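Please look through the sequence and the model below before reading on.

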Number of protein chains: 2
Amino acid sequence: MILAHPEAPVVVACIQMEPVFSAVKQNVATSIQLIEQAAAQGATLMVLPELCNSGYVFADRAEAWELAEEIPEGTSTQAWLACAQRLGIYLVAGITEREGHDLYNSAVILGPEGFIGRYRKVHLWGDEGLFFTPGNLGFPVFKTAIGTLGCHICYDSWFPESFRLAALQGAEIICIPTNWVPIPGQDPKREAMANILLMAAAHSNSVFVAAANRVGTERGQPFIGQSVVVSYTGWPVSGPASADDPQTLLAELNLADARRHRCWNDFNQVLKDRRSDVYDHMLGSGIQAGHY
Amino acid sequence: MILAHPEAPVVVACIQMEPVFSAVKQNVATSIQLIEQAAAQGATLMVLPELCNSGYVFADRAEAWELAEEIPEGTSTQAWLACAQRLGIYLVAGITEREGHDLYNSAVILGPEGFIGRYRKVHLWGDEGLFFTPGNLGFPVFKTAIGTLGCHICYDSWFPESFRLAALQGAEIICIPTNWVPIPGQDPKREAMANILLMAAAHSNSVFVAAANRVGTERGQPFIGQSVVVSYTGWPVSGPASADDPQTLLAELNLADARRHRCWNDFNQVLKDRRSDVYDHMLGSGIQAGHY
């Protein structure tokens, strides 16, 4: 692979698709078709939805177990890996992982150089805790030829800590496989609250954010689409995508530009302005005493 | 004072005004007039802008020193205190504070029962650090007859930690005196990024947020108005206000309702779902090594 010039923008593709429950081979084949189309349009970083190989709504743990794979040995990871190496692209894809007796809601990070790493969802939503073990790898970042990637999954975005911990380690693009569902209180006249959360996080961490949601209804559970790519300024540069249909969002992300403009004036750079002295002191002094 | 029934909503007023630089007595008198008008409409909690007694754009430290007051002895605090006691209301007001050799960008929290406490801005913006000492009181919360109040000022909102630390201590309404200015990257076709930040923070902490900005241009520095009251759901319930003119926003906040709906389903309550085991471990293991 020829490394991109650091000034060359990364072209990201958020692939909003509709996995078919339990049709793992078919889902991976569909995703590879969409990846090929995005690569033909110049994309070098692909983001696929959460659990996009298996589907999301498991009836019980046995069903999840049956559809889970070891990483990187499993067939889904191996198929995506071959695709990434053939096309010379980076790929972040949601996958049902099995390791020993544990299941994880995971993402694989793959590239032309091979298997790069995995992420395991830290904050589990709804009945996921009946099947999955909470993520035990923290919020790792992945240094690649196109930039430093962070990754988290869906409900993790409701925790500003997820973005902060990645940004503090140097993440430049936070890739988010997701299965956003309708949530309480959503203003029906406005963009999804998930989009608002990503805008705030991108802005207050000076990082790019690329979220790929799924669409469709699975076993009665609707998903809301509206995948989005957000600039380090906090404003969307592609999307929100359709709420109902498969769609691939493409966006050019200029990482050098982001680093160049991270200082907002002579005094302020938001990540350097953190007062860890204040936060650590407060978090270390019994603040989490259950007032909430 | 007769305590409100816990089911009775708090009526908050965000008083967007235009302080005149250095005209401390006049500014406080104007604010009291606006407080009286809001009280007449039923408001029981008032939020005034940042440094609303003195103005914001100091030429040098000597000028800031001259306009600063001790808390609670100073004339501004005493005038507001008399007003709060006369009207039976709670008040959060931005003020230039002097203590010993230090100046702080502060807020006073006052009520019918008297002086309740103070907050000192933790994250200083622009050249404020030439005049002010960074806040040294953390993010205190204030238990009152109408609910538990959090408070921070302007640029503090760019740090999700400010909201989180207040919410973890039980804050129900976070009151934000502010002097928002135009910022880099603002999409001119959209609401202020400051509004987006508050929406995300209210939603992901299940707290009400009430921000009072100033308007006008002072010594060449424009301010952007757009004060807003955000529900615990993350959606504005009053405002954003005008970008240019003084305006008082009124909103009913049902705190009991917020507590009742804080669980989003059988499994999830966002503040309880935090993974402090993960965050603390990562923050304690050299993550802040300057990658940003």
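**Briefing on the predicted model**

A:Ala13 stands opposite A:Leu250 in β14(A), where strands are DSSP runs of E with at least two residues and helices are runs of H or I with at least four, both numbered from the N terminus. This is a predicted model, in which local features need pLDDT of at least 70, side-chain atom pairs count only at pLDDT 80 or more, and totals for chains, interfaces and linings use all residues. Residues are numbered from 1 along each chain as its sequence is written, while chains are lettered from A and ligands numbered from 1 in the order in which they are written.

**The sheet of chain A**

- Strand β1 (residues 10-16) of chain A runs antiparallel to β14(A), and seven bridges join the two; strands count as paired if DSSP finds at least two bridges between them.
- Six strands of chain A form an open sheet with mixed pairing, in the order β5-β4-β3-β2-β1-β14.
- The edge strands, β5 (114-120) and β14 (247-253) of chain A, each pair on one side only.
- From one strand to the next, the twist averages 30°, with axes fitted as lines to C-alpha atoms (for helices over the stretch in contact) and angles running from 0 to 180 degrees between N-to-C directions.
- Helix α1 (residues 24-40) of chain A packs on the sheet and touches β1, β2 (45-47), β3 (90-99) and β14 of chain A, contact meaning that C-beta atoms, placed from the backbone, lie within 7 Å.

**A buried loop residue**

- A:Ile146 lies in the loop between β6 (141-144) and β7 (147-151) of chain A.
- A:Ile146 counts as buried because it has 25 C-beta neighbours inside 10 Å, the cut-offs being 20 or more other C-beta atoms within 10 Å for buried, 12 or fewer for exposed, and partly exposed in between.

**The nonpolar core**

- The largest nonpolar core has 199 residues, and those with the most contacts inside it are A:Val12, B:Val12 and B:Met46; such a core is a set of buried Ala, Val, Leu, Ile, Met, Phe, Trp, Tyr and Cys residues joined through C-beta atoms within 7 Å.

- In the interface, 52 residues of chain B are in contact with 52 residues of chain A.
- The largest share of the side of chain B that touches chain A comes from α5(B), with seven residues.

Definitions and conventions:
Two residues are in contact if their C-beta atoms, placed from the backbone, lie within 7 Å.
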